[in-house]
Structures are given as C-alpha cells and as structure tokens.
Amino acid sequence: MILLALLVISIPVCAIAGLALGLSARSKLDILQRRVATLEGELRGIRVQEVAPAPSVDRAPLPETPIEQPAEPAPEPATPLEPGRATAPVPAIPVAAAAQPGAKTRDFEEKLGSRWAVWVGGVALALGGILLVRYSIEQNLLSPGTRVALGGLFALLLIGAGEWLRRREERVSLPGVPGANVPAILTAAGTCTAFASAYAAYALYGLIGPGVTFVLLGVVAVLTMIAATLHGPILAALGLLGAIGSPLLVSSDRPQPWALVIYLAFVVLPAYGVARLRLWRWLALAAPIGVLAWTFLIFIMDATDALPAMVHLVIQTGLAAVFLVVVPYRHVPDAQARVDRPASGILLAFALAGIAVSGSVAAGDARPVFVAAIALVLLATGIRFPSAAPASAWAALTAAGALLVWPIAAEIGGTPENLFYQSGDAFAVRPHAIEAYLALALLAPAAIAGASLVRLARSPELRLSTAAWYAGAAAIGPLLALIAAYWRVAEFERSLPFALVAGGLALAFIAAARWLNRQPSGQAGPIRLTLGAAASAALAALALGLTFALDKGMLTVAFALTALGTAWVADRIAVPALRYAVGAIGIIIFGRLIWDPTIVGGDPGLILVNWLLWGYGVPALAFLAAGRLLQRSGRDWTVRLTESLGIAFAAFLVFFEIRHALRAGDPLAATTDLLEIGLVATESLVFAIVLTRLDIRQSDPVYRWGSLIFKTLSLVLCAGGLLLVANPLLTEEEIPGGPLFNALIPAYLLPSVLAAALALLERRARPRLYSLSSAILSLLLFSAYVGLAIRRIAAGPQLALWQGFTQGEQWSYSLALLLIGILLLGLGLVFNNRPARLVSAIYLVLAVLKVFIVDLANLEGVMRALSFIGLGLVLIGIGLVYQRLLARRPSDAAIPS
C-alpha cells in the first residue's frame, strides 16, 4: 500500500517536473526566435535607410549632444527616441513584428499554451492533493499519520519546485508575450495542500493538539504571506481561495466547529498581512467576506450550540476592524478623515450577522455578552477612527436589532422559541430572560450615545458627513432600542413604566443639548448638527412617552405636538436640522393620513365636544402654528407641508364632527343623506373661501391648490349629490324640520350663499371661468331651495314628484320664477352686472312659458287669473324700468362734454 501511494504521488511530481522543464525550454526557444527576428528587422531597417532615408516628418531628428552629456530629458514626450541615443533599435521591433503573418493567431496560441494552461494546471494540482487525501480516507489505504505526512511532503515538493523555478527563471520583457507565473501557481498549490494537511491532522484524526495546530497553521500562514510577496497577487488569491475552501473538501463524520473557528482565524491573518505589505486592497476586503460566509456553516454544524459561531464572529469582527481600519488610518488626522465605505460595509455585514445569530435560541445565556462584545468592537472602532464612523451607528443597530429578534418563551418558564418560528400564540412576543433583556436595552444604547456625544464634543474639526454618523448613533440609536423594547415587552399596549423611561430619555437628550451648547467650540458645524439632532431626539422621546401613556390615536397627536415643539426650538436657535426634522415628522403624519384617515375609532363621545377635537383639532392647530413659526425664517417646502397638514386636519375635524352628529356617534357609518351632503358641501365652500382670501393676500401654491381642491369637491357634492343623487324630488326621503325651518336651509340655501360669496371673491383673483362657475352653482342651489321649500309647504315632508301638485303650488312656482328674475335684474342694475341681467331674462322667459303653457292648462279660476295678472304687472314694470334707463343714457353721456 505504501509503495502504491508513493507511486501515485511520484507520477504527478514527475509530470510537474517534466512540464516545468518543457515550458522552460520552449520559453528559451521562443526568446531566441524573437531575437533573431528582431535582428533581421534591424538589418532590414538599416538597409532601407541607406537606400532612401526617411523624411524628417516621419522620424524625429537625433540629438547632436554626445551620449555622455544628456543634460535634460526630451522636451517633447511624443518623440519616440530618448535623448542621447545614437541608434534607434526600438522602432524596428514593431516593424518586424507587424510584418509577420498570422500574428493574432500566434498571440492566442501563446496565451492558451503559456498562461491559461498553467493556471488551470495549478488549480488542478491543488485539488489533486486534497482529493488524494480524501481518496485515501475513503479507501482506508493508509494510516492517518501516513496520510498527513504524505500530504505535507507533497506540499513541500510543490512549494520547493515553485521557489526553484522562480530563482532560475530568466525574466525577459517582450511586448505582447506576458508569460504565466508558473512558480506562483506551484507555490499556491503547495500552500493549499499544506493548509488541508494541518487541518486534517487536528480536526479529523486528533494526531496533534490545539497548540501544535496553532504553530503549524501559523507557519503555513507566514510562508504563504512571504511567498505571496515574492510571487505576486495570483498566489495570494489562489492561496486564500484554497485555504478557505479546504474544509469543504476535507470532510468528517464528526464535524468540530471549534477547530474550524481556529482554522479560519489563522487563515485570515496572513491574508491581512499580505494585503497590508503589498497594499492589495482587494485581498483585505475578500478575506473577511470569505470567513463571514462560514459563520452560518459553523452554526449549522451544531444547531444546539451557537457559542462557536458567536466566538467566530467576535474574532473576525475584531480582525476586520484592526486590518481594515486601525492599521491603515492610525495616523490620519480627524480633519482629513473620510469615511471608508468598503470597510464600513464589511463591518455592517458583521453587525447584521451578529443580529441573526443572537436571534437563535441556541445562543442561550451568552447572548447578552455576545451582543455587547460585537457592539463594543464596532463602537471602539468607530469612535477612535473617524474613517469608520459608521461603525458607531452599526453598534447602535446591533443593540436595537438584538432587542428586536430576542427569542421568546411560549409559556412562563417554558423553552425559549425563535421570534419568527414559534409554536404558541403568534402575538405573545415577550422576550425570554427579561432581566438580561432590559439590562441590555438600558445600558448598551446609553453607552453608545454617550461615547458618540463625547467624540463629537472633542473633535469639532470633523467633517459634517462624518459627524452625521456620530449624531445619528447618539440620537436615533436609543430611540430605536426604546421602540423595540416597548414592542417586545408591552406589545404596543399602554405602559406607564415605558412612558417614564421615554420621559427620562427626553430629559437626557435635553441635558446633552445644553452640554453641547456650553462647549467652547459650540458654533462649529459638527456641534451645531449634533445639537439639532439631540433637540429633535428629545422631542421624539417626549412624543413616544405620550404614545406609551395614552391611547386612541395619541401617536398622531404626539407627533404633531413634537412638530410644534421642534418648530419652536428651530425658531429660537438657528439649527437647520430641526427645520428639516419638522418636515420629516410632517411626512410621517402625511403617510399616516393616507394609510388611514380615521385616527379615532368607535364612539368619540358627545356631539361637538368629544375626542375628535383632540385627535384632529390639536394636530391642526399644532401644524398651523408650526408653519407660522417656521415662516419667520423663510417660506420653503417645510412651511408648505406643515400648513397643508394643518388644513387637512382641520377639514377632517369638521367632516368627522358632521358625521358624528348625524350618524348617532358613528363617524365611520356607511350611509349618508341630504343634510350630510349639504353640510359637507358647506364645509368645502368655507375652506375654499378662506384659502382664496389667503391666496389673494399672499400668493402661494398651498392656498391656490387648496382652494381649487375644495371648490372642486363642493361642485361634485352639489351637482352630483344635492341636485341628482340625494334630490328629495327623486327619492322618498323625508325632510327633517318644520315647514319653514328645515334641512333644506343648510343643505341648499347656505351653500348657495357661500357659492355667491366665493364668486364675488374670485372676480378679483381668478380667471373669469372660476367666478362664473361659482355664480352658476349659487343660482342653481338657490333655485333648488326655493322650489323645494314651496314643495315642502305644499306637500309636507315627502317631496316625491309622483304625489302630484296643487294649484296653489303651481302658482307659487310661477311667482318664484318672477321674483328670482326680478332679484337678478335688480342686482344686475345696481352692480352694473350684465351677466346677472341676462340670467334674469332667462328666468323671466321661463316664467312666461310656465304661465302660458303650464298654468293655462292646469290652473282654474282665480289662480289662473292671478297668474296672468302677476306676470303682466311684472313685465310692464320691467319695461318701465328699462325705458327710464334708456332715457337717462343720453343725458349721462352729455355730462362729461
């Protein structure tokens, strides 16, 4: 068996030696052929120059200075010849090369034969060594000691062959022939085999202990680092890939995650060292990505114990922080530090992996220590080195994320379960080990926020983009942790203890803001930014406290009050961040209204004086007042947003008060009637009038578009609702109230008056079409009111058309048409309004038609006579009025002359 194994090993070794010698001989032969071709090209060029020298425009003139006196370089870099050269052999080489036929084909052949084949062969050698060990294990050919020894011998042969070829290789730089680095390939293959052999000796066979394993892996790592510095980046890439992938090929029936943790720690160290020594940034980023992928594989090896995965994450996070941040940026001043995004991204990946592992039930009692260790590594890195400032925010994210995914217990004292895979009540999310949970929730965010604030206070020269990360970690981190803990412990129910904690957090932020304001560098940009963040966080904590303590949609109210307080603070101290914080709060509330406009559910209480005033009235006043405060320093999008929200809340308040009063305390009832439509139309017209007046006083898109929206809504409600859908002539709905004072007044008469007022107001600020549409709406509503009022007196509460008409009712309609026509004519004459006079003519014509057609056919006796007499008197009176007006016009025209 031993002879068979030696034979199996000697065959590839001999093949490697033969391949190396053949490649060396072929390389030398190619070099000689190219030299001969170069000499032939030079001779050909010299002959051409002797027969017909090249024009001066094609070749730069040779300098006349002797070779020994080249004072300065050539002034024109485009000249192909270097100063001081008497001959020009370089231009002849491309000529000779270009003259050779089939150059492209030979270039492809050279790449395929001299580069790609060697690369693939190196990878095949590495895999062959690993597979050879695996085959010996499966077939039980050799003893474990022999297997490991032969693997080590094979690795030494490969590394020795690579070093021997590197020292004997003659490097000739010829254009277009970049030969493959055979020594680097062989050395990389030997490195992979050495890593696999040492790992198998410890993890699979137990031949060596942890101490010896440390030494062996360290030696292999150091050799790999030294070899990579000599052989180039290809060795580093293949060595890292082979070392990280070796545990996948060398498997065992009894996996040992602790051995893999040790192995990966020693594998990544030489990669970081080589990356630092040769300044290979890609290698320093690839190493932590590779070992991070092993985290979940380590966890899968033993799902009942997450301690190896947690230790692995802590170690690798620390190594990544040291080699990606500490070593490169230890001498960079704070004022010159820029955020290293790739390094920060790697640290973020470790933070997310830590959150995922901490959510496992297998983490057990070590969970708080693990989360604190990860957060501490990230916090220390971010606080000490501004180039990794996002790491401080990642520390806050780690703490809040761990609080969010903390395992739960199905029953008190029961076995903990994963938050997302639980067998009990899906809404029972109370965390397991509540004491440790609350301790972590209290201490970790406080430590992170305090360290970030101290760092900002001591470094006022930081860039704003860097300081923003510290400010975010200090302000947002504790708020996220508070919200996560409130959900997990109180399950979004009222909780006075959490309200007190939120109030204490608000006081802490206020104290931090005052402390920052007293700093000697209080006017520096980073300090002002943090001051605004602390003030905004204090207001947000206060809003959360109100939310925790109260119910019935208090979150919206609390955010509105927070916006008002933030606007007040922004008006007192010029911190731009606070102004934008008001806008951010407004966007949140706007999304809340779009998602669900009904802030209050169920019965709000008494009519008019109820919880609607608090749920909608307080936010309306808060946002309108915030807009006025912010407007003192300029009118921008934040002012417009807050004013728009104030208007929206005021409109919702009136709307839900109407529905609450008419729907027996149910603002969300699915029914409606004539009175409700009329009152909502009245509300829309009132808002349109107010916003139009504001737009006339101070032109602004909020007022302009707001008035148009409310006017359009009123047109839809009146035309589609009052005149068609809910018209009592077309329905069997009874009119509430008495014969004179009833629901027709608020439903028709009041909107008619408001539409007329809007028409008069729009004459000064809107196009003619706007005023004309409002006037037509007013006239239609007034006419409808008059007709329905007559019908209500004559027919009672039921106004349906199919009940018929009495003679008095018919005569009243004629009289109403005449009176409306006279009223419009009078208004047109008094205000010199020609459209009103023309409309009055329409009413008079309708009255004439009704009298001569309808009344003549349906009325009898005195009613018929009175109808014609009244019509005649009105028409004669109108004629006399027009005659007087026409008689005055010439005299009025003659006065100026």
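**Setting up.** I am working with a predicted model, so local features need pLDDT of at least 70 and side-chain atom pairs count only at pLDDT 80 or more, while totals for chains, interfaces and linings use all residues. Residues are numbered from 1 along each chain as its sequence is written, and side-chain values use heavy atoms, with hydrogens and water left out.

**Serine 344.** I found serine 344 in helix H11, residues 341-358. Helices here are DSSP runs (H or I, at least four residues), numbered from the N terminus. Is serine 344 buried or exposed? It counts as buried because its relative accessibility is 5%. Buried means under 20% relative accessible area, with a 1.4 Å probe and protein chains only. I then looked up its contacts (heavy atoms within 4.5 Å). Leaving aside neighbours within four places in sequence, serine 344 touches Val339, Ser387, Ala388, Pro390 and Trp394.

**H9 and H10.** Next I checked helix H9 (281-301) against helix H10 (307-329). Their axes are 9 Å apart, at an angle of about 170°. Axes are lines fitted to C-alpha atoms over the stretch in contact, and angles run from 0 to 180 degrees between N-to-C directions. So H9 is roughly antiparallel to H10, a label for angles over 145 degrees. On the H9 side I noted Leu285 and Phe299, among others; on the H10 side, residues including His312 and Tyr329.

**Second largest pocket.** Which helix gives the most to the lining of this pocket? H25 does, with eight residues.

Technical notes:
Helix = DSSP H or I, 4+ residues; strand = E, 2+ residues; numbered from the N terminus. Buried < 20%, exposed > 50% of the residue type's maximum accessible area, 1.4 Å probe, protein only. Parallel < 35°, antiparallel > 145°, perpendicular 65-115°, else oblique.
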